[in-house]
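Here are some exercises to work through with the structure open beside you. Try each task before you read its solution.

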Amino acid sequence: MGYKGLVMDIDGTLYNSAKRITETTRRAVFRAREAGKVIAIASGRPIRGIADVSRRLQLAEKGGYIMGWNSGKILNAQTGEVISETTLPEGIVSEIAALAREYDVPVVAHTAGLLLSETPEDEIIQLEARLNYMTVDKISSLEDYAEQPLYKCILTGGGEKLEALEKIAAQRFEGRLSVYRSEPYFLEILPPGIDKARGVDVLARHLGLTREDFIACGDGFNDLSMIQSAGLGVAMANAQSIVRQNADYVTESCDDDGLVSVIEKFLI
């Protein structure tokens with residue numbers, strides 16, 4: 001007990017299955033902040049894709065932190081201060097594009113405010129754009145953007161294919177990039193060392209705290225690292241099985257306001 005902060009994933013955690021934050025969950029988060037707890041959002045989404053959550057939780061007005069791109073960019077939502085920012089190593093996108101062609105999977109790249117893809121018509125890429133309120137520019141070759149600051153690339157496809165490709169990509173880019181799935185149909189490729197556990201560490205140091213001071217809540221593959229490393233790792237009942245297996249505590253599902261009981265039991 002004595003936790004000082006709460007780090008929350010969005011989809012399947014703060015958001016219910018209808019992609020909404022219920023008023024019950026919103027009020028519970030407000031109570032935690034009023035009790036002096038640090039509130040932070042950690043998501044694979046870009047900063048723009050977190051804007052609606054930030055507005056609903058009044059992070060700019062009342063305080064809170066945002067970790068976008070799985071901690072590729074961390075900022076103070078109230079002051080706008082950028083605490084940390086990391087983009088893909090220059091030139092590496094050419095190797096990512098080659099991998100996508102080799103295994104015949106679509107790929108989309110994230111800039112600060114735009115998505116880039118050779119196959120913008122791909123259904124899953126269109127889903128990524130809608131979820132994050134972004135447009136997709138059709139490009140002739142991803143290699144042409146090898147020197148542009150990019151936060152991450154996502155390979156899309158069926159779950160079994162991406163599960164196999166995750167192992168191949170992790171081996172090919174070992175030590176040079178971070179590779180993991182955020183959803184069964186999203187294989188994310190990010191700068192080395194970028195994951196949500198790292199985000200909790202960076203934020204904790206910035207605030208003069210440690211990761212053990214935080215509760216981390218999530219449901220997806222990319223939440224696993226912070227759930228394993230935080231002071232209390234919480235999985236939603238709707239989480240991937242491996243996430244539930246590695247959590248310290250499993251709460252109710254996102255459709256049953258699972259965050260509320262975590263806040264009431266462990267924070268206030």
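## Exercise 1: A pair of rings

Trp69 and Tyr151 are both buried. The model is a predicted one, so keep that in mind as you go.

**Task.** Work out which kind of aromatic pair Trp69 and Tyr151 form, and which parts of the chain the pair ties together.

**Solution.**
1. Begin with the geometry: the ring centres of Trp69 and Tyr151 are 3.8 Å apart, with the planes at 5°.
2. Planes under 30 degrees apart count as stacked, so this pair is stacked.
3. Now place the residues: Trp69 is in the loop between strand 3 (65-68) and strand 4 (73-76), while Tyr151 is in the loop between strand 8 (136-138) and strand 9.
4. The pair therefore ties together parts that are 82 residues apart in sequence.

## Exercise 2: A second pair

**Task.** Decide whether the pair of Tyr249 and Phe266 is stacked or edge-to-face, then find whether each residue is buried or partly exposed.

**Solution.**
1. For Tyr249 and Phe266, the centres are 5.1 Å apart and the planes make an angle of 80°.
2. An angle over 60 degrees counts as edge-to-face, and that is the class of this pair.
3. Tyr249 belongs to strand 14 (residues 249-250) and Phe266 to helix 10, so the pair links parts of the chain 17 residues apart.
4. Tyr249 has 23% relative accessibility and so counts as partly exposed, whereas Phe266, at 13%, counts as buried.

## Exercise 3: A lysine inside

**Task.** Find out whether Lys152 is buried or exposed, and what its side chain reaches.

**Solution.**
1. Locate Lys152 in strand 9 (residues 152-156).
2. Its relative accessibility is 0%, so Lys152 counts as buried.
3. Follow the side chain of Lys152 to the backbone oxygen of Gly44, at 2.6 Å.
4. Look at the surroundings: beyond four places in sequence, the residues touching Lys152 include Trp69, His110, Glu188 and Ile189.

## Exercise 4: The nonpolar cores

**Task.** Find how many residues the largest nonpolar core has, and which element gives the largest share.

**Solution.**
1. The largest nonpolar core has 32 residues, and Leu6, Met8 and Ile215 are among those with the most contacts inside it.
2. Elements giving two or more residues to this core include strand 1 (5-8), helix 1 (23-34) and helix 10 (258-267).
3. Helix 10 provides the largest share, 6 residues.
4. A second, separate core has 25 residues, including Val93, Leu150, Leu162 and Ile189.
5. Back at Leu6, its contacts beyond four places in sequence include Val38, Ile215 and Ile263.

Note on methods. Residues numbered from 1 in each chain as written. Predicted model: local features only at pLDDT ≥ 70, side-chain atom pairs only at ≥ 80, totals over all residues. Heavy atoms only, no water. Helix = DSSP H or I, 4+ residues; strand = E, 2+ residues; numbered from the N terminus. Buried < 20%, exposed > 50% of the residue type's maximum accessible area, 1.4 Å probe, protein only. Polar contact = N/O pair within 3.5 Å; in protein donor to acceptor, adjacent residues only side chain to side chain. Contact = heavy atoms within 4.5 Å. Core = buried A, V, L, I, M, F, W, Y, C linked by side-chain atoms within 4.5 Å. Phe/Tyr/Trp six-rings, centres within 6.5 Å; stacked < 30°, edge-to-face > 60°.
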